[in-house]
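The sequence and the coordinates are displayed first.

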Amino acid sequence: MYRLPSIYLPVSHDHDPITIDNHNIIIIITVVASSKKRSIFSMTETRFDVGMTCDGCANAVKRILGKIDGVTNIDTNVEEKKVAVEHSDSVSKEVMLEKLLKWSQASGKSVALAA
């Protein structure tokens, strides 16, 4: 009989690990009702006009919006000064705009919801 070595495979920080040992295979799955999990079912895209002038600006926008629970994807285009944010319905465009306006005041860059 061949014996498998013990292996520890973490799934993610919000799930229990999968453990494989010499005798058993144990898989434990935890269901988490967070907005990131719900976002799989209902996605919205919000667009912003942002006065980005460089990759530093684009990275700042990504960092700011990426901290909001429920935001799943952020596409920035410095040349066109556009930002597209994919998020769950639990995230309001007003919350994202508020965060970007705070950055706008500090950086002097313009921010507005796209028409």
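The structure is a predicted model, in which local features need pLDDT of at least 70 and side-chain atom pairs count only at pLDDT 80 or more, while totals for chains, interfaces and linings use all residues. Residues are numbered from 1 along each chain as its sequence is written, and side-chain values use heavy atoms, with hydrogens and water left out.

**Sheet**

Helices (H or I, at least four residues) and strands (E, at least two) are DSSP runs numbered from the N terminus. Two strands are taken as paired if DSSP finds at least two bridges between them. Four strands form an open sheet in the order β5-β6-β4-β7, and their pairing is antiparallel. The edges are held by β5 (71-77) and β7 (111-113); each has a single partner strand, so one side of each lacks a neighbour in the sheet. On average, and with direction ignored, neighbouring strands of this sheet are turned by 25 degrees against each other; axes are lines fitted to C-alpha atoms, for helices over the stretch in contact, and angles run from 0 to 180 degrees between N-to-C directions.

Strand β5 is joined to β6 by six bridges in an antiparallel arrangement, and Ile74 stands opposite Val85 in β6. The hairpin of these two strands has four residues between them, and Lys81 takes a positive phi near 60 degrees there. Strand β4 (residues 43-50) is joined to β7 by three bridges, also antiparallel, with Phe48 opposite Leu113 in β7.

**Helices**

Contact means heavy atoms within 4.5 Å.

| Helix | Residues | Strands crossed | Angle |

**Nonpolar core**

A nonpolar core is a set of buried Ala, Val, Leu, Ile, Met, Phe, Trp, Tyr and Cys residues joined through side-chain atoms within 4.5 Å. Buried means under 20% relative accessible area, exposed over 50%, and partly exposed in between (1.4 Å probe, protein chains only). The largest such core has 20 residues, of which Leu65 and Val83 touch the most other members. Two or more residues come from each of β4, α2, β5, β6 and α3, and α2 gives the most, with six residues. Neighbours within four places in sequence aside, Leu65 is in contact with Val71, Ile74, Val83, Val85, Met96 and Leu100.

**Cysteines**

With a disulfide defined as a pair of cysteine sulfur atoms within 2.5 Å, a search of the whole structure finds zero. The closest cysteine sulfur to that of Cys54 belongs to Cys57, at 3.8 Å, which is too far for a bond. Cys54 counts as partly exposed because its relative accessibility is 35%, whereas Cys57, at 8%, counts as buried.

**Histidine 87**

His87 is located in strand β6 and counts as buried, at 2% relative accessibility. A polar contact is a pair of N or O atoms within 3.5 Å; within protein, one must be able to donate a hydrogen and the other to accept it, and residues adjacent in sequence count only if both atoms are side-chain atoms. The side chains of His87 and Thr46 are joined by such a contact of 2.7 Å. A polar atom of the His87 side chain also lies 3.4 Å from the backbone oxygen of Val91. Residues up to four places away in sequence not counted, His87 touches several residues, including Ser42, Thr44, Gly70, Thr72 and Met96.
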